[in-house]
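Biologist: I am new to this structure and would like to learn how to read its features one at a time. Could we look at it together?

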Amino acid sequence: MKHTVMFATVGALALAGAAGQAAARDQVRIVGSSTVYPFATVVAERFGKSSKFKTPVIESTGSGGGLKLFCAGLGVKTPDITNASRRIKKSEYERCTKNGIKVAEFKIGYDGIVLANSKKSGRIELSRRDIFLALAKLVPESHKDGGKLVPNPNKTWKDVNPALPNVAIKVLGPPPTSGTRDAFNELAMEGGCKTFKSLKAIKKQDKKRYKGVCRGIREDGAWVEAGENDNLIVQKLEADPNALGVFGFSFLDQNRDKVQGSIVDGVPPTFENISAQKYPVSRSLFFYVKKNHVGQIPGIREYVRAFMSRKAIGKRGYLVGKGLIPLPGAEMKNFISAGKSLPDLMM
Amino acid sequence: MTDAPSTVLISGQRERVRRGLDRRLRAERRFRIYGVVAILLAILMLLFLAGTIVSKGYPAFYQTWIEVDVLLDEDLIAPDGKTDPETLREDGDFRGALIESLVARYKPAGREQENLLVAMFSTDAERTLQNFTIANPDRIGGTISIWVKASSDIDQLTKGAIGRNAPESGRKVKDLQLRWYDRMEKDGRIETRFNSGFFATGDSREPEQAGIWGAIVGSFLTMLVTLILAFPVGLAAAVYLEEFAPKNRLTDLIEVNINNLAAVPSIVFGLLGLAVFLNFFELPRSAPLVGGMVLALMTLPTIIISGRASLLAVPPSVREAAFGLGASRMQVVSHHVLPLAMPGILTGTIIGMARALGETAPLLMIGMVAFIVDIPGGPADASTVMPVQIYLWADSPERGFVEKTSGAVIVLLVFLVVMNASAVYLRKKFERRW
């Protein structure tokens, strides 16, 4: 027994020693947005299978978490690339520069956020104002511009807008930690909020209060936090034809036989409309490359080229089949050539 | 007759006792029924859970294959006439050869239809073709019949997960593809086979190519590190605390702390791992080594507590007899007490390891929740583990991953059942009663 214990301890020490040796890295490390993750992973897998490099490792940490790790510094223990479902913030960029990091920015395409319901009931037509009135925590009294803010009294969609069906408001959506929720709050909720002049005016006086009013979602049960798993939301919509769900376009695209996307401000969430930026609730997807690591860690340059190619992000590229909405022609051309030259990001 | 009143009294008492007894027996019967109902409910829920997982997951273990006739056109596959494996791998346009042959047979009209036809096959098909040609270079120039994987959508159609009756606009498989599919089926060119790739490959973003082997290897390496670290340390701590340590305030404090640690949420160990192992010791991210170290910390209290309990269960008479024969303390422990306590310690260890095997939260913090295709070769390579793989697949948009998720749950459950069953077996086999 004594020998077993000693043997195991020696083994453990040897193991820890071996890890210390593995300092250099021959594999690209990528972190960042869970929205970009399904696209970046496809590129990485193809890249790993068709090139002599190892398949990059991709962690889904969220846009903010990814940029935090990315800008933490240089060296093998920091990631080489971070994905983001929003543009890098000025403060994040400054932190990067302060740590001596040179950043190159790439936009890969768009993602739409859809409101969808089961195909068992009819397609719904909403405006952003309707979305705001249905889901905000506080709304102007009797929906009048300039009215006193009261806790949201609307029970059914008909209360919000007489043209809508007389069905109780029930929306399943992602929790506040999700990037999809951030974008939904900013684009749909705030977009609807801004249509009230009196609410828009708050922005100038008190930015914090403005955000609280325009992005605050009601907590009385009409909005149901359904978790980060969009597949689960689709399943719940199927079970409850009266509910609406909020999720990314790629999940709508994959489940068209079960759910349909609601029309927002007169525009249905189709591939063409999001690509032409007609659909109001859509955002751009990015990734950022640590230029200092190019040449240090093998495969970064080649991975970026594989990503920024027509074969991947073009109109007929393989990412389109995965639900990515491509950039318009001229912008795509610019970013594809940037993929070869890796220009510095200036802010 | 003088004692009549007393008989009345007695029979009255008897009546009361009888009624009381009835009441008590009824209460007992009710209590038993509650117990039976509780157990039945638990079994029902377990059956329901297992039933849904198995019914959703078993399609993951088989897969649709399609037979195609491919002309191994020299101009496409070996334009220079060289047929060594290296040149074939680098220059051979197997995708082109596959598409040419498909187009010749099924005659799609225009590019749009051609894309639909090609989309019925997995991107893995060209690799199958390439491997066949490399193994049989003499077949170049001729036409071969070869079975290749269907795409995930076609696979889902075969399994009935994609209905044929939905309107075409909302269906992943279009009418034209359905017609081709029916023709292939009539010709006997569609077959379902055991999905051996599921147990041989790593993760993939294409459901028909995704496998759990990478995660199984990752789990194995992680558990190995956990066992190597947690078992000797836990054993030594348990033996020292139980057999050698003086009973004073300090050891009491240590005991309270160990019991506390056993109840700490697992994510806390992940944060500790991030701060200490990654940021301070600069160990690699996403490595089974670090995952194993974090899980070892989590498993340690379980091993120590169960170890101490089993040591305590060894009767003092065994120790006294050994002392009486002149054994030293060390000899008493290593020759007598520890071997007797070992079954209990092992049971505790296996249960602790089984809990660690199912853990994802602490691994999130140290970067093991990641998309990793390559099978890890050692404890310092990037890797993921089974529960993380389940979590990642559950979150993927493609329909084909629904069955893969449940399939992976079945694999994980099998591992857990095997581990727990071996714990029960060890206990039954080596257990001694005094």
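Modeller: A disulfide is a pair of cysteine sulfur atoms within 2.5 Å. This is a predicted model, and in it a disulfide joins A:Cys193 to A:Cys214, with an S to S distance of 1.8 Å.

Biologist: Which parts of chain A does the pair of A:Cys193 and A:Cys214 tie together?

Modeller: A:Cys193 belongs to helix 7 (residues 179-193) and A:Cys214 to helix 9 (residues 207-215), so the link ties together parts of chain A that are 21 residues apart in sequence. The link is left-handed, with -55 degrees about the S-S bond, and both A:Cys193 and A:Cys214 are buried.

Biologist: Is A:Cys96 buried or exposed?

Modeller: Buried means under 20% relative accessible area, and A:Cys96, at 0%, is therefore buried. A:Cys71 counts as buried too, at 1% relative accessibility.

Biologist: Turning to chain B, what does the side chain of B:Gln63 reach at 2.7 Å?

Modeller: The side chain of B:Gln63 reaches the backbone oxygen of B:Glu208 at that distance. B:Gln63 is found in strand 1 (residues 62-71) of chain B, is buried with a relative accessible area of 1%, and touches several residues beyond four places away in sequence, including B:Lys149, B:Asp155 and B:Arg193.

Methods: Residues numbered from 1 in each chain as written. Chains lettered and ligands numbered in written order. Predicted model: local features only at pLDDT ≥ 70, side-chain atom pairs only at ≥ 80, totals over all residues. Heavy atoms only, no water. Helix = DSSP H or I, 4+ residues; strand = E, 2+ residues; numbered from the N terminus. Buried < 20%, exposed > 50% of the residue type's maximum accessible area, 1.4 Å probe, protein only. Contact = heavy atoms within 4.5 Å. Polar contact = N/O pair within 3.5 Å; in protein donor to acceptor, adjacent residues only side chain to side chain.
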